[in-house]
Each structure stands twice: as structure tokens, then as C-alpha cells.
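Hello,

Here is the structure I promised to pass on to you. Have a look at it first, and then read on for what turned up in it.

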Amino acid sequence: MRMQMKFTFKIFSMNLKIWCATTLVLFSITSHVWGQEKLTLHECVQIAIENNVNVQHAGLESKKGVHKTAEIRSNYLPQVEIGGVFQDNFALAKTMLPGDLLGKPGEYIALAMGTQYVTSANISVTQVIYNQTLISSIKLSKKAEYAGELGVQKAKEEIAKEVAKLYFLIQTTAEQVGIINSNITRTEQLTSIVKMQADNGVARNVDYDRIKVNLQNLKTQSNNIESIYEQQLGMLKYMLALPLDADIELIDIADMQLFENLAIVNLDFSNHIDIRLLDARKDIAGLNKKTINSGYIPSLALFGQHGY
């Protein structure tokens with residue numbers, strides 16, 4: 001009986017240690033993730049870029065272009081092929097020969113031909129010297145790789161723009177909530193004053209009822225604006241890939257200055273990301289056509305083979 005109680009106590013103690021350790025780990029992870037609840041615009045943009053699906057997809061497409069270029073370049077490396085054959089003839093083929101050849105005239109003798117084991121090995125090496133199709137394919141893949149990099153940049157700019165728009169929209173809505181709540185406070189004070197005046201016969205009850213209606217309208221408007229604020233904040237959490245129950249606070253104000261020195265307006269849009277993407281796609285189409293036409297140009301390669 002004593003041993004059983006001791007065993008139970010050990011199990012309980014072990015479970016308690018495991019529970020405490022698990023709680024500490026979860027608490028440390030939670031503290032690490034949600035230790036900073038206040039977010040600036042820059043932090044929101046960085047989080048969105050890291051977690052956005054479109055940016056990740058564009059990054060994978062860019063990496064695929066890099067590997068595609070390396071694959072095409074590998075065709076210029078020596079191509080080595082090694083092969084071998086091992087054959088075990090369990091039953092050799094037999095040929096009927098006249099007995100006259102073997103000192104047995106008038107008979108036909110079955111003679112096995114060949115050997116039971118047959119082995120062979122060979123190695124071949126091919127080195128491309130000149131292949132215009134391969135050269136054009138390398139140029140095409142490099143241009144596609146450049147277009148992939150532009151795609152990543154465009155995806156980052158798009159998500160940054162959407163996050164910034166939503167961020168300042170939320171801050172603007174928050175200021176509206178503050179203004180309405182201030183109006184509600186002043187209207188409640190005015191309602192109390194008019195109530196006292198109406199009780200003393202200085203003001204009319206109609207004036208008091210009108211102010212009460214205005215106060216109720218302000219409260220309804222405040223509830224609507226707060227609901228819109230929560231929806232916008234939830235949308236921002238979704239864009240940042242944060243849990244909807246995450247407690248965050250946006251600390252940058254709506255009228256913050258984004259640029260210290262505004263640059264002079266430049267009407268040259270040749271460096272714009274969309275223009276660069278269109279130019280890259282145009283070059284890709286031209287290189288694709290050139291690659292197809294290069295198939296009619298003769299190629300030169302060295303070939304060697306050895307076997308036994």
C-alpha cells in the first residue's frame with residue numbers, strides 16, 4: 001500500500017513539473033510574440049511584407065527563375081553518360097550441325113553456341129561548343145529572373161501601399177471617434193443645464209427634448225463609428241496575419257509627416273515599377289521569338305565514347 005501511494009505521488013509530481021514547464025514555454029513564446037503591442041506604420045509594413053501571401057508567392061517565382069537559369073547554364077557543362085550490361089544466359093542457344101564435321105557422319109549434333117556470362121561497359125562524354133538556342137535560352141532565363149525580382153518588388157510596394165492606406169484610415173476613424181465622444185460630453189453637460197433651466201421655467205421643455213434627441217443621435221453615431229473602427233482594425237490584423245484577438249495599438253498619428261523633404265515632381269515614369277515590368281515582358285517576348293528562330297542555326301559539340 002505504501003509503494004502504491006509513493007508511485008502515485010511521483011506521477012503527480014512528474015505531471016506537475018511537465019505542466020509548469022509547458023506553461024513557462026507558452027508564456028515565454030506569448031511574451032516574445034506579443035511583448036510589443038504598439039505598432040508604428042513602418043512596423044506594420046514590415047510585418048505585412050513578411051507574412052503576405054502574394055509577396056511570398058512572388059518570392060517563390062523569383063527563386064524558381066534563379067534555379068531555371070542555373071539549369072539552363074548546366075547544359076554547357078560536359079554531359080557524361082556511363083552504362084553497363086551484365087547478362088546471364090541460363091540456357092545457351094543450340095545449333096544443329098552435321099555430324100560429318102565432328103566425325104559422326106549421317107547424324108546431326110546439337111552444339112551450344114555462345115557463353116553463359118556476357119558483360120560490357122561504355123562511357124560517353126559530350127561537350128557543347130556552340131549552340132545558339134542554348135545561348136538565347138540563357139538570355140531569356142536571365143531576363144525572366146529579372147522580371148521575377150521586379151514582381152517581388154511590386155508585390156511589396158502594393159502591400160505597403162494598402163497597409164499605409166488602412167493604417168491612416170484607422171487613425172482618422174479613431175480621431176472621429178474622439179471628436180464625437182467630446183461632442184457627447186459637451187452635449188450631456190448642455191442637457192443637464194437645459195434640464196435645470198426647464199425645471200425652473202427659464203427654458204422650454206421642447207428645447208430640452210430637442211437636445212436629448214441630438215444626444216441620442218450622437219451616441220448612435222459614436223456606436224457606428226466605433227463599429228467601423230473595429231472592422232478596420234480587424235482588416236489590418238488580417239493583412240498582418242495576426243490573430244483577431246491580438247491587442248494592438250497604432251501609435252503613429254494620422255497627420256504625421258512621411259517625407260522630410262518632398263522631391264521635385266518628376267514627370268519621367270521610365271523608372272516606375274510597372275513600366276519596368278512591361279519593358280521586361282517585352283524583352284522576354286522578343287527573346288522567346290529569337291530562341292525559336294535559333295533552332296535553325298547549326299550547333300557544334302565534341303563527342304567521345306569508349307567501351308569494352
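Asn 52 caps the N-terminal end of H3, with a side-chain oxygen 3.0 Å from the backbone nitrogen of Asn 54. (A polar contact is a pair of N or O atoms within 3.5 Å; within protein, one must be able to donate a hydrogen and the other to accept it, and residues adjacent in sequence count only if both atoms are side-chain atoms.) Please keep in mind that this is a predicted model, where local features need pLDDT of at least 70 and side-chain atom pairs count only at pLDDT 80 or more, while totals for chains, interfaces and linings use all residues. Residues are numbered from 1 along each chain as its sequence is written, and side-chain values use heavy atoms, leaving out hydrogens and water.

Helices (H or I, at least four residues) and strands (E, at least two) are DSSP runs, numbered from the N terminus. H3 covers residues 53-73 and reaches 30 Å from its first C-alpha to its last, close to the 30 Å expected at 1.5 Å a residue (1.5 Å times one less than its number of residues).

Which residues of H3 are buried? They are Val 55, Ala 58, Ser 62, Gly 65, Thr 69 and Ile 72 (buried means under 20% relative accessible area, exposed over 50%, partly exposed in between, with a 1.4 Å probe and protein chains only). They cover an arc of only 110° around the axis, which puts them on the same side of H3; the arc is that of the directions from the helix axis to the C-beta atoms. The face turned away from that buried side carries the exposed residues Val 53, Leu 60, Lys 63, Lys 64 and His 67. Helix H2 (41-51) and helix H4 (132-199) are among what covers the buried residues of H3.

In the largest nonpolar core, which has 24 residues, Val 163, Leu 236 and Leu 250 touch the most other members. (Such a core is a set of buried Ala, Val, Leu, Ile, Met, Phe, Trp, Tyr and Cys residues joined through side-chain atoms within 4.5 Å.) H2, H3, H4 and H5 each supply at least two residues of this core, and H4 gives the most, with eight. Not counting residues up to four places away in sequence, Val 163 touches Cys 44, Val 45, Ala 48, Leu 236 and Met 239 (contact means heavy atoms within 4.5 Å).

Finally, confidence: the mean pLDDT of the chain is 82 (pLDDT is the predictor's confidence in each residue, from 0 to 100). Over residues 1-36 the pLDDT is below 50.

Best wishes
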